[in-house]
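This report describes a protein model through its strands, helices, core and aromatic rings.

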Amino acid sequence: MTRVLRTLVAAVALSAAATAAAEEIEVGATSLVATGEGIVLNADFVLDLTSRLEDALAQGVPLYFLVEFESYRPRWYWLDEKIGAATLTARLSFHALTRTYRLSTGTLHQSFTTLDEALRALGLVREWLVLPPGALRPDTTYNAYVRMRLDTTQLPKPFQVSALANRDWSLGSAWKKWPVNGATLASEAAR
């Protein structure tokens with residue numbers, strides 16, 4: 001009987017470890033701030049690459065990460081109304097000649113000497129314009145969602161095939177949901 005119990009406990013532990021390995025990006029603090037240009041997102045992510053992803057990066061394969069944002073107005077009588085959505089793409093690459101990691105987001109390019117520094121910078125999303133001015137009404141509460149994930153569709157084709165069958169290539173966070181008060185954002189924009 002104890003042998004069966006030990007086997008069952010080991011199976012549950014392995015299952016939990018496999019589930020945790022699939023989500024190796026954690027979403028930390030998130031906030032929306034109203035500015036004169038619109039509503040911007042500030043978010044913190046903590047990333048850990050799997051050993052397979054680190055090896056691919058060291059061999060010169062660039063990794064693309066997507067930060068996805070969505071905002072909805074809850075409705076009790078129908079599906080929630082989508083207010084807006086935005087996607088930010090970041091490219092992480094390693095240059096063997098200079099032994100540096102390069103992080104590119106839009107027109108911004110940064111170089112780092114260590115992978116940890118590059119991952120820390122990748123995890124900091126600051127002042128990202130996600131909604132136009134006036135998108136949120138002051139008398140309404142909204143739900144905002146954000147996540148980060150590895151975009152396997154931008155990997156070279158042989159790696160895409162491998163990513164379909166291998167959990168080492170699935171890296172992402174769960175959607176983080178938080179309520180947003182339209183009145184609070186409206187008062188911030190008025191300042």
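Strand β7 (residues 124-131) contains glutamate 127; strands (E, at least two residues) and helices (H or I, at least four) are DSSP runs, numbered from the N terminus. The model is predicted: local features need pLDDT of at least 70 and side-chain atom pairs count only at pLDDT 80 or more, while totals for chains, interfaces and linings use all residues. Residues are numbered from 1 along each chain as its sequence is written, and side-chain values use heavy atoms, with hydrogens and water left out.

Glutamate 127 has a phi near 55 degrees, a positive value in a residue other than glycine. Most residues other than glycine have a negative phi. Arginine 99 also has a positive phi, near 55 degrees, and is found in the loop between β4 and β5.

| Residue | Relative accessibility | Class |
|---|---|---|
| Arginine 99 | 57% | exposed |
| Glutamate 127 | 52% | exposed |
| Tyrosine 145 | 18% | buried |
| Tryptophan 175 | 34% | partly exposed |

## Sheet and helices

An open sheet of 6 strands runs in the order β6-β5-β4-β3-β8-β9, with antiparallel pairing; two strands pair if DSSP finds at least two bridges between them. At its edges are β6 (108-112) and β9, each of which pairs on one side only. From one strand to the next the twist averages 20 degrees. Strand β3 (residues 63-73) pairs with β8 in the antiparallel sense over 8 bridges, and phenylalanine 69 stands opposite valine 146 in β8.

Helix α2 (residues 51-58) packs on the sheet, where it touches β3, β4 (81-95), β5 (100-105) and β8, and its direction makes about 60 degrees with that of β4. Helix α3 (residues 115-122) also packs on the sheet, touching β3, β4, β5, β6 and β8, and its direction makes about 10 degrees with that of β5. Axes are lines fitted to C-alpha atoms, for helices over the stretch in contact, and angles run from 0 to 180 degrees between N-to-C directions.

Leu115, Ala118, Leu119 and Leu122 are the buried residues of α3. They cover an arc of only 95 degrees around the axis, which puts them on the same side of α3; the arc is that of the directions from the helix axis to the C-beta atoms. Asp116 and Arg120, on the other side of α3, are exposed.

## Core and aromatic pairs

The largest nonpolar core has 44 residues, of which Leu32, Leu41, Phe45, Leu49, Phe65 and Phe69 touch the most other members. Such a core is a set of buried Ala, Val, Leu, Ile, Met, Phe, Trp, Tyr and Cys residues joined through side-chain atoms within 4.5 Å. Beyond its neighbours within four places in sequence, phenylalanine 65 has contacts that include Leu47, Leu88, Leu122 and Leu171, contact meaning heavy atoms within 4.5 Å.

The whole structure holds 4 aromatic pairs. Rings of Phe, Tyr and Trp (its six-membered ring) pair if their centres lie within 6.5 Å; planes under 30 degrees apart count as stacked, over 60 as edge-to-face and the rest as tilted. The pair of phenylalanine 94 and tyrosine 101 is tilted, because the ring centres are 4.7 Å apart and the planes are at 45 degrees. Both phenylalanine 94 and tyrosine 101 are buried. Tyrosine 145 and tryptophan 175 form an edge-to-face pair, because their ring centres are 6.4 Å apart and their planes are at 85 degrees. Tyrosine 145 lies in β8 (residues 141-150) and tryptophan 175 in the loop between α4 (157-165) and β9 (176-181), so the pair ties together parts 30 residues apart in sequence. Ring pairs link Tyr72, Tyr145 and Trp175 into a cluster.

Methods
Buried < 20%, exposed > 50% of the residue type's maximum accessible area, 1.4 Å probe, protein only.
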